[in-house]
Amino acid sequence: MDKITVIGAGTMGNGIAHVFAMFGHQVNLVDISQNALDKAVATITKNLGRMVSKEKITAEQQQATLDNITTHTDLAKAAGDSHLIVEAATENVDLKLKIFKQMDELAPEGCILATNTSSISITKIAAVTGRPDKVIGMHFMNPVPVMKLVEVIRGYATSDETTEKIMDMSRNLKKVPVEVNDYPGFVANRILMPMINEAIITLFEGVAGVEEIDTVMKLGMAHPMGPLQLADFIGLDVCLSIMHVLHDGFGNPKYAPCPLLVNMVTAGKLGRKSGEGFYSYSHGTKDWIVADTFKK
Ligand code: CAA
């Protein structure tokens, strides 16, 4: 089995470590914060426990998965013998470029360097390395253990060999990989984010309330979550940053972020992670309760 290093122990990083480890890979999970690593292992343990209680895996498989994961705060110690490194750090261009330079220096020659970025150009990231043919986007969806898709993004110089390897590895994780090219938002977010932005514009213009908009899309289009719920789930700051990538990348006003989205992010209302977005999450139950600002 290939040795995998996952950089970043947040929501996406811990989900990616979870699936690779569950399918028998040795995983090094790296983060600068030991606290984040401890939290990630606790989350993986909880999510595996949910699978055990639903009889999808056995308690032995849960333990074997956890045994496959080693945590590190030092990338140099983890990267040395990796076949694949998947970067899932914060969505910040400068940070990603810095990490890729480091990965390129530390990783063995044949190692593929993948990024889970939701919208930063793969070509730009690849350009800071000496191996642009081995740099690729491996975009998992949240929650990673549940969602079947891996959007596999080819940068300008990504080789066929690298692409095939990542497509195969994704299939081995029982995911469905889809190959796309490196243009703003790729495919997933080029289509998803304008829909979410349009839902926010619909709310902003007073066409309908939060619950009404979400109910229309859930019951009318069979979406598991309404677009405003989904925006809260993804994080409004992430949604705004992707709208900026689309707006800057295409120069088309149709991608201008809704002023309400901009205001909410400025006010620190980032959705689930900050306790409030279109819904409030401070009431201690799993129910979706519309935030006071949007109550009629
Ligand atoms: N980790 C692991 N498993 C989880 C989980 C998590 N964080 N959250 C839920 N699950 C599992 C549950 O165990 C359950 O499994 P079974 O169906 O096998 O029993 C299943 O997911 C459904 O969970 P629940 O019944 O608790 O909750 P639900 O039915 O409300 O589903 C959901 C939750 C899966 C998140 C569902 O609402 C959903 O699919 N929402 C849409 C998610 C989506 O669109 N994700 C993509 C976001 S965009 C993105 O990630 C990319 C980007 O670049 C922005």
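From which domains does the shell around the ligand draw at least three residues each? In this predicted model, local features require pLDDT of at least 70 and side-chain atom pairs pLDDT 80 or more, whereas totals for chains, interfaces and linings use all residues. Residues are numbered from 1 along each chain as its sequence is written, and side-chain values use heavy atoms, with hydrogens and water left out.

Domain 1 (3-181) and domain 2 (189-294) each contribute at least three residues to the shell around the ligand, the domain bounds being taken from an automatic or database assignment. Of the 19 residues around the ligand, those that come nearest are Lys-54, Lys-56, His-139, Asn-142 and Asn-189; a residue is counted if one of its heavy atoms lies within 4 Å of the molecule. By class, the shell comprises ten nonpolar, five polar and four charged residues (nonpolar: Ala, Val, Leu, Ile, Met, Phe, Trp, Tyr, Cys and Pro; charged: Asp, Glu, Lys and Arg; polar: the others, Gly among them).

Polar contacts to the ligand (pairs of N or O atoms within 3.5 Å) include one from a polar side-chain atom of Lys-54, 2.6 Å from a ligand oxygen atom. A polar side-chain atom of Asn-47 lies 3.3 Å from a ligand nitrogen atom, and a polar backbone atom of Asn-142 is 2.7 Å from a nitrogen atom of the ligand. The protein buries 67% of the 1000 Å² that the ligand exposes when taken alone (Shrake-Rupley method, 1.4 Å probe). Helix H2 (34-53), helix H8 (188-204) and helix H10 (227-234) each give two or more residues to the shell; helices (H or I, at least four residues) and strands (E, at least two) are DSSP runs numbered from the N terminus.

Two backbone features were also identified. Asn-142 is joined to Pro-143 by a cis peptide bond, with omega about -5°, and Pro-143 is placed in the loop between strand S6 (135-140) and strand S7 (149-154). Glu-55, in the loop between H2 and H3, is a residue other than glycine with a positive phi, near 60°.

Conventions
A polar contact is a pair of N or O atoms within 3.5 Å; within protein, one must be able to donate a hydrogen and the other to accept it, and residues adjacent in sequence count only if both atoms are side-chain atoms.
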